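Visitor: Hi, I'm new to this one. Show me the model, please, and we'll go through it bit by bit.

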Amino acid sequence: MLDQLENSRAFGPAADGTPIVVASNRLYLRRYWDYEQSLACAILGRARRNKTGHKATGTQDAAVEAALRNYFTIISGGPGTGKTTTVLQILQRLLQEEDGERLRIALTAPTGKAAARLQELLRKVQEDPEVDQKIKERLPRHASTIHRLLGPKPDSVFFRHDARNPLPLDLLVVDEASMVALPLMAKLFDALTDKTRIILLGDRDQLASVEPGAVLADMAEAALASGSPLHNSLIVLSRNYRFGNENAIHRLASAVRVGDADTAVRILHETHSDELDSSNVPSAAQLPESLEKIVIESYKPCLAERNPAIALAAFQRFRVLCALREGPFGVNNVNKAIEGILHQRGLITDPTRLYAGQPILVTRNDYQTRLFNGDVGIMLPDPADDAETGQLWAWFTGQDNELRRMSPARLPDSERAFAMTVHKAQGSEFERVLFILPERDSPVVTRELIYTGVTRASRRVDVWFKEDVFRASVERKAMRRSGLREALYEAPTQTQQTELELGL
């Protein structure tokens, strides 16, 4: 194939400036080649300034000490390992230092939902009587999305902050870094000065962004390689504070994470407890009947509530998660089945129109309304309005946990949210999850997807599965043809044309 491309002016080596780069029998779109080169050089420039002296696997204390020394730090760990608690400890240590009052710090995340969780964390710190008042005064007051931090330009892929206009920061903390795609991560690093220290928080075993790249996983893999320049940049938190070692969710997630299908299947078959239960995925015709009990039990309290704040909190306790969007067990069909059940029970009105209690999932960033992809709201009348008017409003929880009311006509693109894809649920946590796997094998259902779905539950997960499909999925590792890992290990410089592999 490459022989046939040799005479085309669109293809060529990186140094030729062609729109498509040919290197080591691979093809790269020029802009993604540039993103990987730029990001690799920025990471390595910081990593080489890190100090030696810690192991990759460690405790929160080890992560704090590493972050205090480093210009570039990755803190990875599954749900319940204390990543955000560790960052608070880091911030407090830094702010206690002699020149701590002059530190310019920002906390950011890829989605509005994840940024809101950081905001809630900052609020709790401000209310904590055990935290020194000087620390409270020096802590950032707000967290933001990465897009908002960089300052989007209207109708453009560029941002206000870049290499020519960098962010005025001494320290940047990025939560849910596994969800950050290659282009956005490259632009974020491009907007930092050489003196800005950066801490990435995330779970290297979770699903990567739906956009190009598997940035956090590539960084972590590169850091674990022998002799890697990133060796002193990674801390993997080893202790789980939410789940004990015998917790069924923890045991299932651990088996899935390492691709041990035999153990994972055995756990599913043998465990029927308050933490984990499972059953065979029903037929398409049996889906409504199979859903009825858990749907009524879990969503009825939310739908009976007319106080928007209480309804939103109740809705966050349970969610149906699907591996796919389409198909008999995809999100679209499952949402229709759930609405049909609720309508038959008289819990909602006609589901073909807006109705009280309708959950909304925002699917597109909208800076005018300050609603972002992944934000979840609920349709309800205003309790202060005349009950006879029937006017429905969309309610969301905003910054500082305040309640926001919005006309449905102003909503950005959105969809129903009784059921969500695992991708859309990334960064969320629910007390209970019903996780539905498809009845047929699909190449997009991987161990990372199952691990992410299972670990969205903090107390209980119910899994509907077909054994052969589940086994194939656990044994299948998501493969993105990214060259970032190799670039970080091979240590490219600004002038060196490293052969990178594009992840699309």
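Visitor: Let's start with Arg 370: what does it count as, buried, exposed or partly exposed?
Guide: Arg 370 counts as partly exposed, at 48% relative accessibility. Here buried means under 20% relative accessible area, exposed means over 50%, and partly exposed is in between, using a 1.4 Å probe and protein chains only.

Visitor: Before we go on, what sort of model is this?
Guide: This is a predicted model, where local features need pLDDT of at least 70 and side-chain atom pairs count only at pLDDT 80 or more, while totals for chains, interfaces and linings use all residues. Residues are numbered from 1 along each chain as its sequence is written, and side-chain values use heavy atoms, with hydrogens and water left out.

Visitor: Back to Arg 370, then. Where is it found?
Guide: Arg 370 sits in the loop between β13 (359-362) and β14 (376-381). Its phi is positive, about 60°, although it isn't a glycine. Most residues other than glycine have a negative phi.

Visitor: You mentioned α8. How many of its residues are buried?
Guide: Eight of the nine residues of helix α8 (residues 182-190) are buried, so the rest of the structure largely encloses it. Among them are Leu 182, Met 185 and Phe 189.

Visitor: What do those buried residues pack against?
Guide: Quite a list: α2 (30-47), β5 (72-76), α7 (146-150), β8 (171-174), β9 (197-202) and α9 (215-224).

Visitor: New topic. How many helices and strands are there in the protein chain?
Guide: The protein chain has 18 helices and 20 strands. Those are DSSP runs numbered from the N terminus: H or I with at least four residues for helices, E with at least two for strands. The radius of gyration, taken over C-alpha atoms, is 24 Å, close to the 23 Å that the globule rule gives for 504 residues, so the chain is as compact as a globular protein of that length. That rule is 2.2 Å times the number of residues to the power 0.38.

Visitor: What share of the residues is buried overall?
Guide: Of the 504 residues, 55% count as buried. As for dimensions, the C-alpha trace spans about 65 × 60 × 50 Å along its principal axes.

Visitor: How many disulfides does a search find?
Guide: Zero in the whole structure, where a disulfide is a pair of cysteine sulfur atoms within 2.5 Å. The sulfur of Cys 302 has its closest cysteine sulfur 18 Å away, in Cys 322, and that's too far for a bond. Both cysteines are buried: Cys 302 at 3% relative accessibility, and Cys 322 with a relative accessible area of 0%.

Visitor: Last one: where is Gly 453, and what does it touch?
Guide: Gly 453 is in helix α16 (residues 447-454). It counts as buried, at 0% relative accessibility. Leaving out residues up to four places away in sequence, Gly 453 touches Leu 321, Val 422, Val 433 and Phe 435; contact means heavy atoms within 4.5 Å. Tyr 489, 36 residues from Gly 453 in sequence, is 31 Å away in space, C-alpha to C-alpha.
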